[in-house]
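Dear colleague,

Please find the structure below, together with its sequence.

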Amino acid sequence: MRRGPGPALALGLLRLCLAQANFAPHFFDNGVGSTNGNMALFSLPEDTPVGSHVYTLNGTDPEGDPVSYHISFDPSARSVFSVDPNFGNITLVEELDREREDEIEAIISISDGVNLVAEKVTILVTDANDEAPSFIQEPYVVQVPEDIPAGSSIIKVHAVDKDTGSGGAVTYFLQNVHTTKFALDRHSGVLRLRAGATLDYEKARVHFVTVVAKDGGGKLRGADVVFSATTTVTVNVEDVQDMAPVFVGIPYYGYVYEDTLPGSEVLMVVAMDGDRGKPNQILYSLLNGSNGDFEINETSGVISVMQSPAQLRREVYELHVQGANAKFNLRLVGPGGIFRVVPLTVMNEAQVTIIVENSAAIDFEKFKVLTFKLLAIEVNTPEKFSSTADVVIQLLDTNDNVPKFTSHYYIARIPENAPGGSNVVAVTAVDPDTGPWGEVKYSIYGSGADPFLIHPSTGIIYTQPWASLDAEATARYNFYVKAEDMEGKYSLAEVFVTLLDVNDHYPQFGKSIQEKTMVLGTPVKIEAMDQDAEEPNNLVDYSITHAEPANVFDIDAHTGEIRLKNSIRSLDALYNITPSGDFRWSLEVQAKDRGSPSFSTTALLKIDITDTEMLSRSPMAAFLMQTKDNPMKAVGVLAGIMAIIVAITVLISTATFWRNKKSNKVLPVRRVLRKRPNPAPHAVHIEWLKFRRTKAAAKFVLREDPSNENCNNNSLGSTLPPKAPAPPPPPTMAPKMGMAPWTVPTVSGSLTPKQPQQSPKPKVGSPIQSALVSELRQKFEKKGVGNKAYF
C-alpha cells in the first residue's frame, strides 16, 4: 500500500479531498404519523379545508449550506399542494375527494444549490362522512296476492354509501312504522308483512310504504353528521278467489197472470262474484220451493213458469236460488302422506280442517313452508266444474341446529400501516333455526387475536383502535372466531390475517464511514440491509452520488461492487488524473430501495488503492493488505501458524527426550598427565602434518587408561566432579627452526555403556559435563593458536 511521507501529510490530503467534495442534502425521516420530514406515509382527511397548512418538508445539507424545497406532480394529475421553497411549508390548494381519488402521487425535492435530491411519495386520502346513501334499482313496485301469509317477505330494498367505516354502513327504517301493515329488517332491507296483519283486495288495492336509509354517521370538518335517503315501495294487492257471489236487488218478486203461457219468463235474478279483481262466472240453480212448476236458466238467472196458471197449486211460491256448484268434494293436491282434509264432501259451504297424518315428515330445516292445493269438484253437475285454493302451512321452529360458518377458514390481507379501526374481514355463520334461536353472536379468541375486535352481530373483524401492525415483527396472525346462538350452541372457524408489507424502512449500511482497500483489477464491495419484509421494498440499488474526480469509479447497481473504470489499468493512469498523488479516495455512496415511496441512505467510503507489484515486495504487507477488510481472516491465519509452531516444538522436545533416555551416558573423565620427551623438530613437523590431514573428530582419541598411582580411584558411581587437569607444558622446538619445541597434548577418557543399579546419572548441565565441555573448548582454542603460529 502506498502511503504519504507521514501521518500528518496523509491527514492533510484526506481533509483536502473532503473539503473539495460537496455532498448531497437529504430529507429527515420522522416516521409514520409525523407532519415534518420527507412526507413518507403521510395521510390527509378528504374534508381538509383548502388553504390549510398540512405538512412541513424538512431536511439538511452535510456541509451546512441552506436548502430549498420543491414539489411537483405528473402533468396529467392535479397540482393539489404548493410548497414554500425556503421553509418547506406545504399548503392544500385544491379540494380533496377520496371517492374520486384516494391516493395522490407527488415528487418532492431538496437542493443545496449544487445537488438536487428528489423522491416520489404517495399521500393517502382518508375518508370523511361526506356521502349520503343512495337507493339503487328504483322504482320499487311489487305485486302481492291478498292471501299472502303474515311474516312473508315482499321485496328487498338496497342503498349504498360510498364512504368507508361507519359512514358507509347503511341501516333501514320505515317512516310510519305505527300505521302500516309492514315491517322492515333494518340490516338487510327486506320488507315483510307484519305478524298478524292481512291484506284485503276488496278493502285496499294499493299500499305505499316509505323507507328511510341512514348511514352510521361520522366526522365531517370536525362535526358529527348523519346522512339519509328515502324511497317509496308500491305494493299492489292481487285479488284471489276468497269471496262468495252476492245477489243484487234482493228480494225478488215475480207475477204469473191468468193469460201467462207455460215457458214464459216470470223474473230474472242477478248475482255478482265477490272477488271483483278476478270474478268467476256465476251459475244459478233452484234449491227448493219449485215443485217442478218453475225453472231457472243457470247462466242468465231468468226464472220461467213451466205450468199454466190453472195448474198451479199454490198462490205464492218462495224459491231459493244459488249457484250450481252447491255440492262438491274436497281433496288436497301436493306432498302425499303428510296432511288430510276434513270433511271430504261439502254442501254449499263448510269449514275445512287440515289434519297432520305423518309428523315425522315435517322438518322445518327442509321445508319452512308447505304449500298445497285444495281442490273442489262439483258432484251433481254434468260439467263437473272445479276450483282450487292455495293452502300455505308455515312450520314453527325449535332450536335443534348449530350455527355453521360459510367457510372453515377465512383469509384476509391488510397493509401493515392500516390505522386502528380498519376493517379486516367479515365472517358469516348461518343458523337454520328462526327467531331467537337463529340469532348468532360472534366472538374471537386465540393468541393471535389481541390486535383485533369483532362486531358481535355483523361478524365484521377490525383492528383495535390502539393496534400498531408491523410486518417485520409479525407478518401473520391466526386466531379462532366463534358463532354462538342464544342457548350456547356454537361452531368455530379459523382466521388467517397476512400483513402486506409497506416500505417503511430505509436501507442501512453497517457503518456510516467505511474503509476499503482496492487492488488494481479487483473490486471492493459495499452492502446495505433493508429490514422490510417483502420485495421490492427490501431490494437495494447502489449508486455513487459524489466523487471528485468523477471519472475514476464505476459501481454495480445491484451487487454494490465498485471497480475502477476500464480506462484505468495502472497506478500511472491514476497519477495522470490525481495531481496530488494520493491514492486514498473518499466517495459518497447511496443505497436506495425499490419500494414506493422509495427510501435511501448514504455513507462515506474511503478507498486505498495499490497494485500487485507493491504487494509482492513484502509478503507480510500483501497479506495484511488483503486481510485489511477481513481482520478475522488475518487472526485465523496467525492462529494457524502459531498452532503449527507449537506442534513442531512439542514433536522436537518429545523426540529429544526419548533419544536422551535411550543413549549412553558420558562418564566423568579420568585424566592421566604424562610427560613426553621433546621430539625432534622434524618429527614434530611430520606429526603436525598428519594431524592436519585427520578429521576434527579424530584429533583426540578417548581410551581407557589403566589404573596407576596418578589416577583418581573414585568409583564410577561417584557424583563428585573431577578436578580440572593442569595445563600441559609448552612445546619445545628444534633450535635450528628458531622456534620453541611444540608437543601435541593428549586427552584420555573412556566411554562406558549405561550400567544398571548405579547412582543416578548427572543431569544436563551438571558440573561433570560442564568440566568436560570446558576442557575440550580450551584444547580446541589452544590448537587453533598453535596452528596459526606454525603456519
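In these notes, helices (H or I, at least four residues) and strands (E, at least two) are DSSP runs, numbered from the N terminus. With that numbering, arginine 221 is placed in the loop between β19 (218-220) and β20 (223-225).

The model is a predicted one, in which local features need pLDDT of at least 70 and side-chain atom pairs count only at pLDDT 80 or more, while totals for chains, interfaces and linings use all residues. Residues are numbered from 1 along each chain as its sequence is written, and side-chain values use heavy atoms, with hydrogens and water left out.

Positive phi angles

Although arginine 221 is not a glycine, its phi is positive, at about 55 degrees. This residue is exposed (over 50% relative accessible area, where under 20% is buried and anything in between is partly exposed; 1.4 Å probe, protein chains only). For arginine 221 the relative accessible area is 60%.

Glutamine 137, likewise not a glycine, has a positive phi of about 65 degrees. Its place is in the loop between β11 and β12, and glutamine 137 is exposed, with a relative accessible area of 67%.

Cis peptide bonds

The loop between β11 (134-135) and β12 (140-145) also holds proline 139. A cis peptide bond, with omega at about 0 degrees, joins glutamate 138 to proline 139.

Glutamate 535 and proline 536 are likewise joined by a cis peptide bond, with omega at about 0 degrees. Proline 536 lies in the loop between β47 (528-529) and β48 (540-546).

Yours sincerely
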